[in-house]
Amino acid sequence: MTSPLMQHHVLEYPGGYTRSVGPAVGRYLSGLRDGHIVGVRGSDGRVLVPPTGYDPVTAATLEEYVPVGPAGTVVAFTWVNHPRAGKHHLTHPFAFALVRPDGSDTAMLHVVDAGSPDAMSIGMRVAPRWASSRRGYVTDLEAWVPLAAGETPEPAPPNTNEEASTEPVTGIVTPISLEYDINAGVAASKYLRALSEKRIVGQRAKGSDDVYVPPRGTDPTTGAPTEIEVEVGQVGTVTTYCVVNIPGLSENSPEIPYVCAQILLDGAHTAWFGLVQGLPADEVRMGVRVRAVWADHPGPDARSIKWFEPTGEPDAPYDDYKAYA
Amino acid sequence: MGNGMREVAVIGFAQLTALEDREHNEVELIIPVVQGALADAGMDRHEIDFTISGSCDYLSGGPFTFVSGLDAAGAWPPVKESHVEMDAAWALYEAWVAIQTGDVDSALIYGFGKSSLGDLHEIMGLQADPYVVAPLWPSMVDMAALQASAFLAATDYTESDLCAIAARSRRAAVDNPYAVRSEDATAQELLARPVTHTPLRDSDIAPITDGSAAIIIATREIADARCERPAYIRGIDHRVDAQGLGLRDLATSASTKLAAQGAGVSKGPVDVAEIHAQFSHEELILREALGLEDTTVVNPSGGPLGANPVMTTGLIRIGEVAARIRSGSANRGVAHASQGPCLQQNLVCVLEGDQ
């Protein structure tokens, strides 16, 4: 067996997601920025931290915000030996913990910076360690730290973030990035490998003449496996097209205007997406016959076919491709 | 099940698992189980009235993977179709409701997921509150470990009880060809191994698994004609707990308890239970919430600690219980499915054979 085709893939939105936080979370984050912890009183009198805008039992709107802490008690913890770079805000081992701030009836999930798992225990007393530069984000409370008997928590130092607003926090930006090693699968790998040999290969299922290209491994009408490989032509017919007048964001985007088309390759039963060049955009039309133009160094990559160009043949009659238009 | 409800049974089941499948993509994982479940039910694809899947796009980092997944089920002429971004056990619930409406008489349900492509534990952590919890990046295992910590603190159970669950599950998995991790080790041997996520050991944590599963359900009329001993769904219910971990009593599962009442677990003896416990301590919490007696055989397949193809692990629990009823080795069983951090959402399904 040849090695599987794999591709590293990063899923992220540049700059992070901008989220509106609403009144309750906004109040909480404003509190963290200003160096104190805020909860809310629920319908049954319980104090909930972080505050919710509604009661978790009765769904009533909650608006009675109450200060809690600053000290708290660990009610559950787990030790993190290997912080993940770019994700965890502490770069050395720490604990995730559920901490119940004094005056609160619920616990909040946060981190405890205790140095060693041996320093952690359920019931231990902790105090907040505030970031010196705060912006209305959950890590403004940098970490909970052990609080020895008889000690009182230090108040938050003045905020050194000169850009911080004093208005209530209404939104945050949360960066999220996930990394993958995705694999193409059997059918797509065969297709991609054939591209590096300047061949276009589709598949069909037993008992069906329908050739799917690119193949996904099944006949999507029946779900039957497409085990039969079929090489299709490199010449085809434009079944429909679109003239693009908006520049693409990628540096590889063609100059505008350019033409995207659905191309029915000879021998295939699904139209195939490609660019059409070598013909002024306003002369591209349904039925025009085109051929694949290969990259100089094709590989197992969809970009191995740069675009399609006219063959100069007469246009295909509409009846030949109307089922695909 | 009386009350004018239509009787619905599981009549086909197939599953597929792998520790790390680098060869097939999602569509190619689904093909064999759809074909397998149809063959098991003795039904043709075109006899199925309703098709529904459960999956999570974040597993592979691609948008709308469930749309291409449908290629494996066949969708022409256009079929009645739906999808849930939940474990496919919830897809089965929707299919069961669709049959209750009288609109359809049979359904194909499938779930799939390739957990090995990304960092599953990190991805699942993003189900937490996006404002004040997810930005701290607790993983799914970190949050489960917090629940284990809270559970052990609130009860008399100890880490050796967790190891006993893990040892029993790993031993049961030896006989399950679909298990990706199995071992004949004693609880004492597991206890001697290092704690990886206080208070959990590697053996307490479900393995990363790629896989898929499909189930066919149908009305009694179809079931009795196609299947020698259908596994009838006698009750099914699902409930959700609050998202905030601090808002819940993590030592119990209120949503499972309510779902178990709704599904009627206590209306008869439970021969077998397949529980969607991805961590050892979850089984102890869930046993209690489901109200199981000590005589009930729990996770004879090895459960999620043997194989955990995320987004279909819960559906497989239903398939495993149904298979035991259909084979006659059990008469009445309970399948449980869970989703979300620390057992946030829970589904309970009671299955039974005809007497």
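The model is a predicted one. Chain B and chain A bury about 4500 Å² between them, and 22 residue pairs across that contact are in polar contact, both residues being at pLDDT 80 or more. The structure also holds 4 cavities of 30 Å³ or more, and 40 salt bridges over all chains.

- The size of an interface is often given as the accessible area lost when the parts come together.
- Here that area is about 4500 Å², with 63% of it on carbon and sulfur atoms.
- Between the two chains, 22 residue pairs are in polar contact, counting pairs with both residues at pLDDT 80 or more.

**Charged pairs**

- Side chains of opposite charge can pair when their charged atoms come close.
- The interface of chain B and chain A has 3 salt bridges.
- A salt bridge joins A:Arg216 to B:Asp71, where the closest N and O atoms are 2.8 Å apart.
- Over all chains, the total is 40 salt bridges.
- Within chain B, B:Arg234 and B:Glu352 form a salt bridge with an N to O distance of 3.1 Å.
- This pair links distant parts of the chain, since B:Arg234 sits in strand β8 (residues 231-240) and B:Glu352 in strand β12 (residues 345-352), 118 residues apart.

**Enclosed cavities**

- Rolling a probe the size of a water molecule over the atoms shows where empty space is left.
- The count of cavities of 30 Å³ or more comes to 4.
- The largest cavity holds about 230 Å³ of space.
- Its lining is made of 19 residues, and those nearest the centre are B:Met140, B:Gln278, B:Ser338, B:Gln339 and B:Gly340.
- Helix α5 and strand β11 (332-339) of chain B each supply at least two residues of the lining of the largest cavity.
- That lining divides into 9 nonpolar, 8 polar and 2 charged residues.
- The second largest cavity holds about 60 Å³.
- Among the residues that line the second largest cavity are B:Gln15, B:Asn176, B:Tyr178, B:Arg317 and B:Glu320.
- Helix α11 (residues 313-327) of chain B gives the largest share of this lining, 3 residues.
- By class, the lining of the second largest cavity has 5 nonpolar, 5 polar and 2 charged residues.

**An open pocket**

- The second largest pocket has about 520 Å³ of space.
- Of its 29 lining residues, A:Thr52, B:Asp129, B:Gln243, B:Gly244 and B:Leu247 lie nearest the centre.
- From chain A, α1 (22-33) and β8 (108-112) each supply at least two residues of the lining of this pocket.
- The largest share, 3 residues, comes from α1(A).
- The lining of the second largest pocket has 22 nonpolar residues, 6 polar residues and 1 charged residue.

**Backbone features of chain A**

- Most residues other than glycine have a negative phi, and most peptide bonds are trans.
- A:Gly69 and A:Pro70 are joined by a cis peptide bond with omega about 0 degrees.
- You will find A:Pro70 in the loop between β5 (65-68) and β6 (72-80) of chain A.
- The bond from A:Val213 to A:Pro214 is also a cis peptide bond, with omega near -5 degrees.
- A:Pro214 lies in the loop between β13 (200-204) and β14 (228-232) of chain A.
- A:Ala59 is a residue other than glycine with a positive phi, near 70 degrees.
- The loop between β4 (47-48) and β5 of chain A is where A:Ala59 sits.

Definitions and conventions:
Residues are numbered from 1 along each chain as its sequence is written. Chains are lettered from A and ligands numbered from 1 in the order in which they are written. Side-chain values use heavy atoms; hydrogens and water are left out. Buried area is the accessible area (1.4 Å probe) that two parts lose on being put together, summed over both. A salt bridge is a side-chain nitrogen of Lys or Arg within 4 Å of a carboxyl oxygen of Asp or Glu. A polar contact is a pair of N or O atoms within 3.5 Å; within protein, one must be able to donate a hydrogen and the other to accept it, and residues adjacent in sequence count only if both atoms are side-chain atoms. On a 1 Å grid over the protein atoms alone, a cavity is a set of points where a 1.4 Å probe fits but cannot get out, and a pocket is an open set with protein on both sides within 12 Å along at least five of seven lines; lining residues have an atom within 4 Å of a point. Grid points are joined across faces, edges and corners, and a volume is the space filled by probe spheres set on the points. Helices (H or I, at least four residues) and strands (E, at least two) are DSSP runs, numbered from the N terminus. Ala, Val, Leu, Ile, Met, Phe, Trp, Tyr, Cys and Pro count as nonpolar, Asp, Glu, Lys and Arg as charged, and the others, Gly among them, as polar.
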